[in-house]
Amino acid sequence: MAKRRQRKSAVPKNRKWHAVPLKSSFMVLAILGFLISAYLVYPQSASYGLIFMVIFGAMLIASIVSMTKAPIMRP
């Protein structure tokens, strides 16, 4: 019988979650996308406007979490 090899996972089990630093342009895009969706898309189509606002809102929350939880990188 052939031995089964256990695959090693890429991430060790004892490693904690770390936020990745995102670019500032990601936050700007999230804010502008939310505002454009709220003022231009939502009045034309409520379903598209709402889903775009949800997506850009999630992007904004991700950028805020990244800004507050990311490790400080020294040059």
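Start by selecting S63, which lies in helix 2; helices here are DSSP runs of H or I with at least four residues, strands are runs of E with at least two, and both are numbered from the N terminus. Before you go on, note that this is a predicted model, in which local features need pLDDT of at least 70, side-chain atom pairs count only at pLDDT 80 or more, and totals for chains, interfaces and linings use all residues. Residues are numbered from 1 along each chain as its sequence is written, and side-chain values use heavy atoms, with hydrogens and water left out.

**Stop 1**

Is S63 buried or exposed? S63 counts as buried because its relative accessibility is 5%; buried means under 20% relative accessible area, exposed over 50%, and partly exposed in between, with a 1.4 Å probe and protein chains only. Now show its partners: apart from neighbours within four places in sequence, S63 is in contact (heavy atoms within 4.5 Å) with L22, F26 and M27.

**Stop 2: the rest of helix 2**

Colour residues 46-69 to see helix 2. Its 24 residues should span 34 Å at 1.5 Å a residue, and the end C-alpha atoms are 34 Å apart, so the two values agree. The expected span is 1.5 Å times one less than the number of residues. Next, pick out the buried residues of this helix: G49, M53, F56, G57, M59, S63 and S66. Which element do they pack against? The buried residues of helix 2 pack against helix 1.

**Stop 3: a ring pair**

A search of the whole structure finds one aromatic pair. Select Y48 and F52: they form this pair, which is stacked, at 6.5 Å centre to centre with 25 degrees between the planes. Rings of Phe, Tyr and Trp (its six-membered ring) pair if their centres lie within 6.5 Å; planes under 30 degrees apart count as stacked, over 60 as edge-to-face, and the rest as tilted. Y48 and F52 are separated by about one helical turn, because they are four residues apart in helix 2. An α-helix has 3.6 residues a turn, so residues three or four places apart point the same way. Y48 counts as exposed at 54% relative accessibility, whereas F52 is partly exposed at 35%.

**Stop 4: S66 and A19**

Move along helix 2 to S66, which is buried at 6% relative accessibility. Leaving out neighbours within four places in sequence, S66 is in contact with A19, V20, P21 and L22. Follow that list to A19, in the segment before helix 1 (24-44). A19 is buried as well, at 10% relative accessibility. Beyond its neighbours within four places in sequence, A19 touches V65, S66, K69, A70 and P71.

**Stop 5**

Select Y39 in helix 1, which counts as exposed at 64% relative accessibility.

**Last stop: the whole chain**

Zoom out to a protein chain of two helices and zero strands. Buried residues make up 16% of its 75 residues. Among contacts with a separation of 6 or more, 63% join residues 24 or more positions apart.
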